[in-house]
Amino acid sequence: MNARRWTAGLLATVAAVALVGCTSQGREKTCTTTSDGVIECAPDQRSAPPKLAGELLTGGSYDVSQARGQVVVVNFWGSWCAPCRAEADDLEATYQATKNSGVSFLGINVQDQRDKAKAFEEGRVTYPSLFDPPSKLALALDIPPNSVPATVVLDREGRIAAVIRAAVKQEGLQPIVERIAAEKPASG
């Protein structure tokens with residue numbers, strides 16, 4: 001019975017994310033998709049910052065708007081996801097390499113149990129994660145992740161600058177993060 005509920009929840013989430021993906025094609029089409037599938041939006045193509053807030057996996061709350069002025073790398077992951085395990089070291093290495101440049105990282109744990117998610121993070125990553133078992137936070141994004149793992153890079157104003165709908169490697173992610181961190185802030 002528990003497996004049925006989990007499967008039903010997963011199917012509902014996939015359907016909801018797919019619907020968001022269908023309705024957000026306009027925003028995605030205004031951006032550029034690179035040959036390796038990374039969606040990148042120029043500063044004048046970026047929409048309003050998404051509302052990403054909730055309960056942290058370890059307790060307490062977090063709102064990504066608290067990080068305005070920093071580039072925020074948001075990674076959607078689950079302890080059950082083999083590619084998420086494979087990318088964890090690369091995410092942590094990129095975080096360590098860029099955090100002194102005004103870059104922060106935020107995980108969003110989806111379709112998971114808290115104990116399994118906490119065990120997954122222990123010894124892998126040092127940045128915080130929001131606990132979002134129903135995967136509702138993905139719905140706040142104009143360009144939804146549509147997969148797990150997925151990584152979204154927000155600019156210093158909190159707007160979506162890049163979306164990667166696959167596992168990342170440091171050599172691919174770090175140049176994107178550094179390029180966005182080097183952007184001049186908007187005047188005014």
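Predicted model: local features only at pLDDT ≥ 70, side-chain atom pairs only at ≥ 80, totals over all residues.
Biologist: What makes the pair C31 and C41 a disulfide?

Modeller: The sulfur atoms of C31 and C41 are 2.0 Å apart, and a disulfide is a pair of cysteine sulfur atoms within 2.5 Å, so the pair C31 and C41 meets the definition.

Biologist: Why is the disulfide of C31 and C41 called right-handed?

Modeller: The torsion about its S-S bond is about 100°, and the disulfide of C31 and C41 is therefore right-handed.

Biologist: Which parts does the pair C31 and C41 tie together?

Modeller: C31 sits in the loop between helix 2 (25–29) and strand 1 (32–33), while C41 sits in the loop between strand 2 (39–40) and strand 3 (53–55), so the parts tied together are 10 residues apart in sequence.

Biologist: Are C31 and C41 buried or exposed?

Modeller: Buried means under 20% relative accessible area; C31 has 9% and is therefore buried, and C41, with 5%, is buried as well.

Biologist: How do you know that C81 and C84 form a disulfide?

Modeller: Their S to S distance is 2.4 Å, and because the cut-off is within 2.5 Å, C81 and C84 count as joined by a disulfide. The torsion about the S-S bond of C81 and C84 is about 80°, so this disulfide is right-handed. C81, at 4% relative accessible area, is buried, and C84, at 2%, also counts as buried.

Biologist: Turning to D155, where is it placed, and why is it called buried or exposed?

Modeller: D155 belongs to the loop between strand 8 (150–154) and strand 9 (160–164). Its relative accessible area is 3%, and since buried means under 20%, D155 is therefore called buried.

Biologist: What makes the pairing of D155 and R46 a polar contact?

Modeller: The side chains of D155 and R46 are joined at 2.9 Å, and because a polar contact requires N or O atoms within 3.5 Å, one able to donate a hydrogen and the other to accept it, the pair qualifies. The side chain of D155 also reaches the backbone nitrogen of E157, at 2.9 Å.

Biologist: Which residues is D155 in contact with, leaving aside its neighbours within four places in sequence?

Modeller: With those neighbours set aside, D155 is in contact with R46, Q70, V71, A161, I180 and E183, where contact means heavy atoms within 4.5 Å.

Terms used. Residues numbered from 1 in each chain as written. Heavy atoms only, no water. Helix = DSSP H or I, 4+ residues; strand = E, 2+ residues; numbered from the N terminus. Buried < 20%, exposed > 50% of the residue type's maximum accessible area, 1.4 Å probe, protein only.
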